[in-house]
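Hello,

Here is the structure I promised to pass on to you. Have a look at it first, and then read on for what turned up when I went through it.

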Amino acid sequence: MHKRTLPYLHHLSSAPLMMEEIQSLLTEKGALLIKGMNFQSAESFNKWLIGFAGIENLADYTGGTSPRSKKSSHVYNSTAAPRFIKIGLHNEMTYSKNPPHTVIFYCLHAPLKKGQTPLADSLAIYKSMQSADSHFVEEVKRKKMTYHRRLFPKNKMRLAFFLKAIHWENIFKTSHKNIVEKKCAQNGQEFRWEKDHLILKTIVPGIRIHPLLQKPSWFNTAHLFLSDKMVWGAPLSLIIKFFKFISKKSGTYITFGDGSPISNSQKRLAYHIVEKHTQFFNWEDGDLLIIDNLQVAHGRMPFKGEREILVGLLK
Ligand SMILES: [Fe+2]
């Protein structure tokens with residue numbers, strides 16, 4: 001099977017790219033790495049983003065799963081998750097009814113070691129899943145998927161570190177419940193309050209059709225909820241225990257859209273196929289990575305040294 005190399009590499013010094021060229025290259029290649037950009041700050045990256053996409057096409061990162069802070073009006077740090085944690089491959093905001101169609105990363109400061117943003121071709125993953133277990137793929141198509149989450153209030157964050165330091169005020173960037181509710185509705189998320197805990201439930205397709213290519217994309221994170229695959233290299237039994245404890249506390253899990261469970265063997269298959277399709281590149285200062293979110297999944301490897309990767313999202 002022909003495998004696309006991700007990301008497609010372009011040196012800015014060899015030829016400047018017009019916006020239309022970027023768009024068509026992105027649709028063809030899935031992910032584009034432009035080297036030699038020279039934004040000195042989040043502010044200048046933000047200015048470029050506005051010029052590139054138009055302010056009306058830039059999306060907010062709210063209701064997300066990653067602890068993240070705003071660096072400029074439309075620019076965020078990529079994630080504030082601790083440096084030793086591996087963030088598994090995912091398409092941005094799979095749990096949202098309206099995920100961004102493009103994700104743009106800018107490397108202000110490359111890490112000393114590792115810290116890559118792994119990439120995987122979601123169109124190719126779909127094909128592999130189809131060959132490996134067409135029944136599972138049919139089930140995903142038919143039933144969709146439900147993402148279940150429990151977000152803690154800010155003052156109940158004793159387990160903050162283990163729960164990835166997420167509380168709903170951080171996720172929704174507000175302490176007002178009515179604003180949270182409005183944002184949930186915009187994201188198509190069902191919500192309810194349990195005292196001050198926010199319980200979220202979103203039913204979304206696990207396979208989406210790319211609007212320009214009209215090809216199916218494996219667009220879900222079932223593989224990240226596999227209880228026997230974690231990232232710290234601890235003994236398996238301990239990891240399983242720990243993961244079960246965290247899942248229970250955090251109330252974060254995935255099922256099919258009708259609430260029926262996705263089996264561990266189905267999750268494991270997805271995990272191995274996503275792994276098989278994962279590709280790496282090393283960040284350098286001034287790198288701009290543009291990802292077609294409907295075609296390509298991304299993650300983050302653990303790293304050493306300072307790492308400052310900024311991100312902007314396009315609707
Ligand atoms: Fe992400």
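Lys195 counts as exposed, with 6 C-beta neighbours inside 10 Å. Please keep in mind from the start that this is a predicted model. Lys195 sits in the loop between strand 11 (190-194) and strand 12 (197-204), and its phi is near 55°, a positive value in a residue other than glycine. Lys114 is another residue to look at: it has a positive phi of about 55° although it is not a glycine. Lys114, however, belongs to strand 8 (residues 113-114) and counts as partly exposed, with 17 C-beta neighbours inside 10 Å. As background, most residues other than glycine have a negative phi, and most peptide bonds are trans.

That brings me to the peptide bond between Leu6 and Pro7, which is cis, with omega at about -10°. Leu6 lies in the segment before strand 1 (8-11), and Pro7 is in the segment before strand 1 as well. Is Leu6 buried or exposed? Leu6 is buried, because 27 other C-beta atoms lie within 10 Å, and the cut-off for a buried residue is 20 or more. Leaving aside residues up to four places away in sequence, Leu6 touches Gly30, Ala31, Leu119, Asp121, Gln279 and Val296. One of these contacts can be given as a distance: Leu6 and Asp121 are 115 residues apart in sequence, while their C-alpha atoms are 7.9 Å apart in space.

Asn282 and Gln116 are 166 residues apart in sequence and 5.5 Å apart in space, C-alpha to C-alpha. Asn282 counts as exposed, since 12 C-beta neighbours lie inside 10 Å and exposed means 12 or fewer.

Now to the chain as a whole. It has 8 helices and 20 strands, and of its 315 residues, 39% count as buried. Among contacts between residues at least 6 apart in sequence, 78% join residues at least 24 apart.

What about the interior? The largest nonpolar core has 59 residues, and those with the most contacts inside it are Phe105 and Leu310. Strand 7 (residues 102-109) supplies the largest share of this core, 6 residues. At least three residues of the core come from each of domain 1 (8-121 + 278-314) and domain 2 (123-274). Apart from this core lies another one, of 10 residues, among them Ile171, Cys184, Leu198 and Leu200.

Two packed helices are described by the angle between their axes and the distance between the axes. Here, the axes of helix 3 (residues 122-132) and helix 8 (residues 264-276) come within 10 Å and cross at roughly 135°. That angle makes helix 3 oblique to helix 8, and the crossing of the two is right-handed. Which residues make the contact? From helix 3 they are Ile125, Ser128, Met129 and Ala132, and from helix 8 they are Leu269, Ala270, Ile273 and Val274.

Ser128 is in helix 3 and touches Ile273 and His277, not counting residues up to four places away in sequence. The C-alpha atoms of Ser128 and Ile273 are separated by 6.9 Å, although the two residues are 145 residues apart along the chain. With 19 C-beta neighbours inside 10 Å, Ser128 counts as partly exposed, because a buried residue needs 20 or more.

Note on methods:
Residues are numbered from 1 along each chain as its sequence is written. This is a predicted model: local features need pLDDT of at least 70, side-chain atom pairs count only at pLDDT 80 or more; totals for chains, interfaces and linings use all residues. A nonpolar core is a set of buried Ala, Val, Leu, Ile, Met, Phe, Trp, Tyr and Cys residues joined through C-beta atoms within 7 Å. Helices (H or I, at least four residues) and strands (E, at least two) are DSSP runs, numbered from the N terminus. Domain bounds come from an automatic or database domain assignment. Axes are lines fitted to C-alpha atoms, for helices over the stretch in contact, and angles run from 0 to 180 degrees between N-to-C directions. Angles under 35 degrees count as roughly parallel, over 145 as roughly antiparallel, 65 to 115 as roughly perpendicular and the rest as oblique. A crossing is left-handed if the near helix is turned anticlockwise from the far one by less than a right angle, and right-handed if clockwise. Two residues are in contact if their C-beta atoms, placed from the backbone, lie within 7 Å.
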